[in-house]
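Work through the exercises below with the structure open beside you, and try each task before you read its solution.

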Amino acid sequence: MTVDVTREAVRAPAPAGRRPGRGEGRRGLPRLTPWIFAGPAAALFVLFFAYPLLASVYQSFTADRDGVQTWVGLAQYRRMLHDPVFWASLRNTGLILIVQVPLMIGLGLLLAYGLNRSWLRFRSTWRIAYFLPAVTMLVAYSVVFRVLLKTDGGMVNQTLHAVGLPEVDWLNSPGWARLALIGSITWRWTGYNAVILLAGLQGIGREQYEAAAIDGAGAFTTFTRVIVPQLRPVILFCSVTSTIGTLQLFDENYVLTKGGPGNATMTPVLYLYKVGFEQLDFGYAAAIAWVVVLLIGLISFVQFRFLGKDRSGR
């Protein structure tokens with residue numbers, strides 16, 4: 001009987017005027033605490049990222065007509081099809097991409113392999129030395145290269161003259177200007193990629209090297225059949241990030257050559273800057289920006305599609 005009375009008392013509603021116990025009145029209320037903490041970050045994201053992103057999409061379909069932004073549909077994108085400077089910038093970027101990215105990844109891989117050798121003394125010092133260019137400011141190192149490659153009085157030409165070789169007009173000849181640009185980018189980013197590849201090399205177990213040695217594999221075979229396949233994801237990462245960086249190239253060619261001579265080092269992002277901030281044609285500049293975004297996405301997809309496969313085809 002006592003048990004029944006206790007159960008009835010528990011099931012009975014609380015008397016009027018009694019305050020609910022802890023947790024009784026909170027179950028139906030929304031949990032606002034996460035939104036309170038995430039609210040400022042979400043507001044900043046919408047204000048400084050989402051809104052400008054959507055506004056640039058809209059702006060790419062407009063044109064400035066007597067100071068008024070007018071909807072023109074796909075006219076800005078059709079304009080690109082007949083713009084020789086835009087196509088020249090794509091060709092220049094494609095050439096730099098084909099030459100510079102494989103060269104930089106290859107040099108970075110060889111450098112990482114050398115820095116990973118057990119017999120190398122002062123390995124930490126060498127690693128820091130090769131990584132230092134990556135922390136140099138883009139404009140600062142571009143200015144240094146411009147001074148080094150000056151036609152009159154530049155250190156590179158002085159060195160060529162000292163050894164009896166003809167001086168080179170590095171920044172005023174189309175071919176040499178492209179080569180100077182490729183060399184400067186390679187100098188800055190090779191050490192950065194080497195450090196990433198070195199981290200991947202250190203993840204390969206010693207037993208794999210020992211197994212290759214037992215099978216009679218030499219250094220070259222071990223490198224190509226053991227090391228490179230194991231580094232496929234790391235090489236893919238370096239390739240994708242280097243490709244994105246090349247497609248966004250701006251600082252180096254702006255400081256070194258201003259896109260010249262004769263648009264020989266013009267890139268889409270530099271052309272976008274000139275169109276938007278020198279010609280004040282923001283609608284066309286926005287269209288160029290979105291074409292660059294689509295190119296980055298397409299090339300990255302192709303790299304993931306082919307370089308991301310393992311030997312089983314997955």
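Two strands pair if DSSP finds at least two bridges between them, where strands (E, at least two residues) and helices (H or I, at least four residues) are DSSP runs numbered from the N terminus. The model is predicted, so that local features need pLDDT of at least 70, side-chain atom pairs count only at pLDDT 80 or more, and totals for chains, interfaces and linings use all residues. Residues are numbered from 1 along each chain as its sequence is written, and side-chain values use heavy atoms, with hydrogens and water left out.

**Exercise 1.** Determine in which sense strand 1 and strand 2 pair.

Solution. Begin by locating strand 1 at residues 62-65 and strand 2 at residues 68-71, which pair in the antiparallel sense over four bridges. Next, take Arg65, whose bridge partner in strand 2 is Val68. Finally, look at the two residues between the strands of this hairpin, where Asp66 takes a positive phi near 55°.

**Exercise 2.** Find where Gly262 lies, and decide whether Gly262 is buried or exposed.

Solution. Gly262 belongs to the loop that runs between helix 12 (251-256) and helix 13 (268-278). For the second step, buried means under 20% relative accessible area, exposed over 50%, and partly exposed in between (1.4 Å probe, protein chains only). Because its relative accessibility is 75%, Gly262 counts as exposed.
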